[in-house]
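Take a moment with the structure below. Then follow the text from the whole chain down to single residues.

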Amino acid sequence: SQLMMGGASTTEHSPETEYLNNLQTCLRSSVGRAYLFRYWQQTWCDELVIYSQNIQKFEQQTNDKGRFMIARNIVEVSINAQSDLAVNISYNCRQNALELMQEYEQQFQLKQDIKVSAKMFDSVTSEIHALIMSNHWNTFKRSIKTMNVDCK
């Protein structure tokens with residue numbers, strides 16, 4: 001249902017499709033996330049699924065060594081430009097993540113205590129979310145609305 005508020009239109013979704021309100025809500029919703037991941041797989045965007053799944057594991061990990069191991073995997077699979085599943089981010093963003101991981105790797109090799117920042121991938125995630133919003137979000141929402149109409 002469309003609501004007019006001071007000239008700007010906003011869309012309110014029913015509780016079943018509340019995940020369509022915004023990308024963050026969608027990624028936090030198990031149903032919304034499942035639909036979004038399926039949509040990305042159907043549109044040849046497997047790299048977005050893999051990054052999103054791994055970043056969720058990274059954010060849920062509270063142990064520094066565990067976070068380090070997940071970060072290592074994220075960098076290898078999603079950040080490394082040579083990876084088949086590298087995400088589309090700016091050169092500077094990619095370099096910053098690679099350099100930070102290199103510092104963590106050196107600490108790991110020297111058997112030093114590693115304190116892996118929970119915010120390590122925030123700039124990567126911000127760039128990916130901006131890309132999703134400009135390239136995928138509206139099409140995804142339309143596909144869900146079409147699917148919901150088909151179900152009734």
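What follows starts with the overall layout, then turns to a helix pair and a few residues.

This is a predicted model, in which local features need pLDDT of at least 70, side-chain atom pairs count only at pLDDT 80 or more, and totals for chains, interfaces and linings use all residues. Residues are numbered from 1 along each chain as its sequence is written, and side-chain values use heavy atoms, with hydrogens and water left out.

The chain has 7 helices and 2 strands. Helices (H or I, at least four residues) and strands (E, at least two) are DSSP runs, numbered from the N terminus. Along the sequence, the pattern reads β-β-α-α-α-α-α-α-α. The chain holds 152 residues, and 37% of them are buried. Buried means under 20% relative accessible area, exposed over 50%, and partly exposed in between (1.4 Å probe, protein chains only). Contact means heavy atoms within 4.5 Å. Among contacts between residues at least 6 apart in sequence, 54% join residues at least 24 apart.

Now look at two helices. Two packed helices are described by the angle between their axes and the distance between the axes. The axes of H3 (residues 46-60) and H4 come within 9 Å and cross at roughly 165°. H3 is therefore roughly antiparallel to H4. Axes are lines fitted to C-alpha atoms, for helices over the stretch in contact, and angles run from 0 to 180 degrees between N-to-C directions. Angles under 35 degrees count as roughly parallel, over 145 as roughly antiparallel, 65 to 115 as roughly perpendicular and the rest as oblique.

Which residues of H3 and H4 make the contact? H3 brings Ile-50, Tyr-51, Asn-54, Ile-55, Lys-57 and Phe-58, while H4 brings Arg-67, Ile-70, Ala-71, Asn-73, Ile-74, Val-77 and Ser-78.

Ser-78 sits in helix H4. Its relative accessible area is 0%, so Ser-78 is buried. Leaving out residues up to four places away in sequence, Ser-78 touches Ile-50, Tyr-51, Asn-73, Leu-85, Ala-86, Val-87 and Arg-94.

Glu-76 also belongs to helix H4 (residues 64-79). Is Glu-76 buried or exposed? Its relative accessibility is 54%, so Glu-76 counts as exposed. Glu-76 and Ala-86 are 10 residues apart along the chain, and their C-alpha atoms are separated by 8.6 Å.

Finally, two cysteines. Cys-26 counts as buried because its relative accessibility is 0%. Cys-45 is buried too, at 8%. A disulfide is a pair of cysteine sulfur atoms within 2.5 Å. By this rule the count is 0 disulfides.
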